[in-house]
Amino acid sequence: MMNGYAKGSLALLVARTFSGLNVNAMGYLLPVWIAPLGCVTLRLCFGAVVFWLVSIFGKPENVSRSDKLKLIALGSLGIFGYMSLYALSISYTTPVNFAIFNAMQPLWVVVASALIYHESIGGKKLFGLAVGFSGAMLCILSEPGAGLATNSQLGNMLAIGASVIYSVYLVFSARLVGHLSSVTILRYTFSSAAVVALLAASFFGFEAPMFSGSLHWKPFAVLSFVLLFPTVITYFLIPVGMKYLKSAVVALYGYVTLIVATVVSFIIGMDRFDPVILLSLLLIGVSIYLVGVEDD
């Protein structure tokens, strides 16, 4: 029988593998087959419905008014903000570039924990932050090959914003995982995020060429994968990891997303090998290790 650490690690390994495949799936869908806001709205509404349906069959849980307000804020700002910047970023930059900045979550978790909860940052973590930021700057200043990205620098900056928002979400939500179930957390956060997405879609419009004309089976298959696995299963598994592992360790598994997205991108031709990108990847990998190691 697995202990808590093993359960958390397995849950995050599976979740982050799906997250890596999601980067490539979103790169295929956006913005040709569906607009970023349209995709975000579908994901959030689908997730909210599934999580509420699952909660019907679970044990009723009392949620205090304070926790409800926290969950609503985490959903409307954290989940919606992260998914929106994620989708916009993928529309402008390459999947590998996005995955590199998404993997920087451990660095932002350390910074956010220090700013919000006044946790100390030791020498190794400071050095790790410096190494990670140098890798990020290399990626920001590099330009992917022609035809691979429409505006890589804008996409890279959006990816950084997405990474920061999700890291702050991890820091705050970690305080709720201890006394609330995954389903409860997800039904409130996704519902509030879905409401914000629907309001935004009613104002800015819902564009999805894949739903017009004849049946486009490939985009539908890819979208179905995004809705079922990276949206539902991944978000079910992340709180399991958060229950047993520290926020910084949870964020460390973002590197699995980077590896999966990079390998798949090279295999299917969504990106090409670039020594500068490889160096950025290695630097951020070293930084993730350093911030995850406790100081002596």
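Below are legends for several close-up views of this predicted model.

Residues are numbered from 1 along each chain as its sequence is written, and side-chain values use heavy atoms, with hydrogens and water left out. Because the model is predicted, local features need pLDDT of at least 70 and side-chain atom pairs count only at pLDDT 80 or more, while totals for chains, interfaces and linings use all residues.

**View 1. Confidence along the chain.** Let us start with pLDDT, the predictor's confidence in each residue, from 0 to 100. The chain has a mean pLDDT of 87, and 94% of its residues reach 70 or more. Helices here are DSSP runs of H or I with at least four residues (strands are runs of E with at least two), numbered from the N terminus. Where pLDDT is low, the predicted coordinates should not be read in detail.

**View 2. A nonpolar patch on the surface.** Met2, Leu10, Leu13 and Val14 form this patch, with about 320 Å² of accessible area together. Areas come from the Shrake-Rupley method with a 1.4 Å probe, and for residues only the protein chains shown count as cover. A patch is made of residues with over 30% relative accessible area and no salt bridge; nonpolar side chains (Val, Leu, Ile, Met, Phe, Trp, Tyr) are joined within 5 Å, like charges within 9 Å. A salt bridge, in turn, is a side-chain nitrogen of Lys or Arg within 4 Å of a carboxyl oxygen of Asp or Glu. Leu10 lies in helix 1 (residues 4–29). With a relative accessible area of 42%, Leu10 is partly exposed, where buried means under 20%, exposed over 50% and partly exposed in between (1.4 Å probe, protein chains only).

View 3. Rings of Phe, Tyr and Trp (its six-membered ring) pair if their centres lie within 6.5 Å; planes under 30 degrees apart count as stacked, over 60 as edge-to-face and the rest as tilted. By this rule there are 15 aromatic pairs. In one of them, the ring centres of Trp108 and Phe133 are 5.3 Å apart and the planes meet at 40°, so the pair is tilted. This pair links distant parts of the chain, with Trp108 in helix 5 (residues 105–117) and Phe133 in helix 6 (residues 123–141), 25 residues apart. Trp108 counts as buried at 17% relative accessibility, whereas Phe133, at 31%, counts as partly exposed.

**View 4. An aromatic cluster and two charges over rings.** Tyr82, Tyr86, Phe98, Tyr166 and Tyr169 form one aromatic cluster. For the charges, the rule is that NZ of Lys or CZ of Arg is within 6 Å of the ring centre and within 35 degrees of the ring normal. Arg175 places its charged end over the ring of Tyr117, 3.6 Å from the centre. Over the face of Trp52 lies Arg187, at 4.6 Å from the ring centre.

**View 5. Helix 4, mostly covered.** In helix 4 (residues 95–102), eight of its eight residues are buried. They are Pro95, Val96, Asn97, Phe98, Ala99, Ile100, Phe101 and Asn102. Phe98 also belongs to the aromatic cluster of the previous view.

**View 6. Two backbone details in loops.** Most residues other than glycine have a negative phi, and most peptide bonds are trans. The bond from Leu30 to Pro31 is cis, with omega near -10°, and Pro31 is in the loop between helix 1 and helix 2. His118 has a positive phi, near 60°, although it is not glycine. This residue is found in the loop between helix 5 and helix 6, and His118 counts as exposed at 68% relative accessibility.

View 7. Lys125 lies in helix 6 and counts as buried at 11% relative accessibility. Leu29, in helix 1, is buried with a relative accessible area of 0%; Leu29 and Pro209 are 180 residues apart in sequence and 10 Å apart in space, C-alpha to C-alpha. Thr257, in helix 11 (residues 254–268), is buried at 1%, and its C-alpha is separated by 13 Å from that of Ser163, 94 residues apart along the chain.
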